[in-house]
Every structure is written in structure tokens, then in C-alpha cells.
Amino acid sequence: MAEPSRDERFMRWALDLAARGLGRVEPNPMVGALVVQGDQVVGEGYHACFGGPHAETEALQQAGAEARGAELFVTLEPCCHHGKTPPCTDAILAPGIRRVVAAVTDPFPEVAGRGLALLRQAGLEVEVGVLETEARRLNAAHFKRQATGLPLVIAKWAMTLDGRIATATGEARWISSEESRRRVHEIRRIADAVLVGARTAQVDQPSLTVRLVEPLSGRGQPTRVILDESLLIDPQHEPVRSARAVPVVIYTTAEAIADHSDRAAAASAAGAELVTVPKDETGVSPEAVLQNLGRRGMSRFLVEGGARLLGSFFTGGLVDRVMVFVSPKILGSTGALGPVAGPSSRKIAEAVTIADLEVSHVGPDLLIEGRIGKF
């Protein structure tokens with residue numbers, strides 16, 4: 001493997017800084033920046049919270065007078081418009097930066113190449129594309145929202161070594177280890193919403209909250225989402241029972257509300273929000289659900305099951321990332337449940353392919369992560 005170039009080394013540093021904003025800056029993108037004089041970093045910064053100072057201004061402020069004649073490495077094209085903060089391009093031009101290296105252009109319509117063009121017009125040397133793939137992966141949720149209006153979808157499940165998520169009777173506690181469950185809570189705390197199907201909610205009565213780790217300060221709990229085409233959910237059980245403390249959104253159909261007005265009224269009285277969406281061949285349309293969540297400004301969405309729900313998201317081509325916890329257990333039961341349900345007629349050629357696979361140990365379990373499609 002070739003040694004990274006000087007620009008790549010500094011951009012990797014900036015990307016590591018940017019990642020510190022994960023879960024804290026959404027719906028804004030994560031951004032990291034370095035001010036470099038010669039081969040010495042004289043200022044660094046990252047976007048730490050939504051509405052807070054941008055990475056470039058933090059790095060430039062730290063560099064002070066040493067920014068004159070220096071280079072700026074930034075993981076995303078600097079903004080050139082007035083939003084919650086002034087334009088970063090103004091902050092870059094003021095101290096006399098001579099060169100700007102950006103990982104990738106920002107697809108946000110008010111930027112979209114204008115920031116880099118403005119810097120070039122002012123006489124700065126500008127380069128773009130250093131570690132672009134890594135920068136796009138880091139901010140996949142931002143790039144997907146700008147391209148489609150939809151949140152990034154992460155499908156997560158835990159299964160035995162022989163591919164079972166529960167026994168034939170539905171028992172699933174606990175297939176995965178305590179360490180794996182803790183990792184799931186780390187993902188929940190950076191998600192805007194967590195989704196389960198009505199049957200899973202009925203059987204498991206999950207709280208779907210962040211508990212095994214501390215929620216991120218200023219962010220709170222993710223919204224709990226239930227897909228329930230027939231309004232089966234019991235308001236006296238979790239997660240609806242605690243809907244006044246942590247939001248619950250139930251996506252259902254107008255027909256179900258009309259047919260079961262008493263259940264709808266009870267769920268609303270418990271504090272849940274009922275949203276009607278169209279149906280498709282799998283039940284409540286998952287695409288319509290994602291469109292609604294996108295309009296609510298959500299960036300990252302965790303789908304936790306069960307099998308029919310996961311199957312509907314895979315069938316619709318709506319999953320971007322997978323997180324699969326594999327426990328070193330073999331259930332050996334013919335009637336036990338698999339993780340993703342779908343048509344029995346599906347062929348190998350129609351299987352979903354996972355790219356960029358990463359495998360790691362989490363306690364005694366294996367965690368397999370990967371990407372599907374563009375994001």
C-alpha cells in the first residue's frame with residue numbers, strides 16, 4: 001500500500017476531528033478543519049453542535065496571526081452564505097490564507113461549488129477531492145438528504161450463527177451479548193428515530209430508548225416509530241405507555257383509524273402521534289414513512305425489526321447500511337425465525353449485495369457492517 005501524501009495525512013486528521021460531531025450537529029454535516037503552516041498544525045477545529053461555530057472559524061481563531069500565508073484543510077466545501085453563522089469564506093479570506101484543500105464539494109444548494117469558486121476568484125489556490133470517498137462516507141446522511149430528501153437508513157439485527165433472530169415461539173432475549181446491546185445503544189443515541197413493526201412492539205414491548213450509555217447532551221432520546229397498519233398496538237404497554245416522556249409516532253392507515261377509532265383515541269390519549277400513510281404490498285408503505293421522516297428533518301434512522309418489517313425495507317431498496325450482530329450460538333430449530341422475510345420465489349441473482357464490509361469483535365459476538373448502494 002502506498003504511503004499517504006502530505007495532503008492526505010492532514011485531511012485524515014481533519015476527518016477524525018469532524019467525526020467528533022457525530023450525533024450532535026444533525027441535520028448539519030460533520031466538518032473538521034486544520035490550519036497548517038509549513039508542516040505544522042497551528043489551528044484545528046470541528047463543528048461541535050447544531051447552530052454552533054463552524055470548523056473553519058474554530059481552526060482559524062486558534063491559529064490567530066499564524067494563519068497568514070497558511071493552508072486550510074477542510075473536510076467539506078466552506079459555506080458562502082449567511083445561515084446560523086456568517087459565511088466561512090469571509091473568515092478564510094480575512095487572515096490571508098493562501099491555499100484551501102477541501103475533501104468534497106457541498107451539495108447544499110446555497111453552496112454547491114460557489115464557496116470554492118469564490119475563494120479561487122479571490123486568488124487562493126484551491127484543491128478539492130482529497131479523501132473524497134472517506135468524506136462522503138462520513139457525511140452519508142447529509143449527502144443522501146440533499147440528493148433525495150430521505151434519512152439514511154440503518155438496518156440492525158442480532159442473530160445466532162445459524163441465522164435465527166428468535167425461537168419458534170418468538171423468544172429473543174438475549175441472543176446477543178451485553179457488549180453488543182451496549183453498542184446498539186451507542187447507535188441509538190446518534191439516531192433521530194428508531195423503528196419497529198407492530199408485532200415486535202406487541203411481543204417484546206421494547207422501550208427503544210438509550211439506556212446502556214448516556215444520551216448525548218442536548219440531544220435527548222430518539223423518536224420511537226412503529227409501523228402498524230391494523231392499529232394492533234396496546235397503549236398500556238411500551239413503547240406507547242411512555243409516549244409523553246419520549247415521542248412515539250405510529251404510522252398507520254386511514255382505514256385502520258376509521259375501523260378502530262377507540263384504539264386510535266387511546267393511543268393519542270397516551271401521547272402517541274398517529275400519522276396516516278398509503279399502503280403497499282407489504283403493508284404500511286415504508287417509502288412513505290421515510291418521506292415523512294425526511295420532511296421532519298431527520299437524518300439517521302435505525303430499523304430494528306422484525307423480519308417482515310426489515311423485509312419490506314430491503315424489498316423497497318430503502319436500506320443504506322446494515323449492522324448484524326452474530327452470536328456464537330446455534331439454535332438448530334426449523335421453525336425459528338430468520339432476520340429478513342420476503343418472497344419465497346426470490347433467486348440468488350436477486351440477493352442484496354453488501355459492500356465495504358467491516359467485521360469486528362464485540363464481546364463474544366461478531367459485528368458485520370456494510371453499505372448498500374450509493375450512500
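User: How do the residues of the lining of the largest cavity divide into nonpolar, polar and charged?
Analyst: The model is predicted: local features need pLDDT of at least 70, side-chain atom pairs count only at pLDDT 80 or more, and totals for chains, interfaces and linings use all residues. Residues are numbered from 1 along each chain as its sequence is written, and side-chain values use heavy atoms, without hydrogens or water. A cavity is a set of points on a 1 Å grid over the protein atoms alone where a 1.4 Å probe fits but cannot get out, and lining residues have an atom within 4 Å of a point. Here the lining includes Pro 27, Asn 28 and Arg 300, and the division is five nonpolar, four polar and two charged.

User: Which residues are closest to the centre of the second largest pocket?
Analyst: A pocket is an open set of points with protein on both sides within 12 Å along at least five of seven lines. The second largest pocket is lined by 14 nonpolar, one polar and twelve charged residues. Of its 27 lining residues, the closest to the centre are Arg 137, Leu 138, Arg 321, Glu 358 and Glu 369.

User: How many charged residues line the largest pocket?
Analyst: Asp, Glu, Lys and Arg count as charged. The lining also holds 22 nonpolar and 14 polar residues. The charged ones number eleven.
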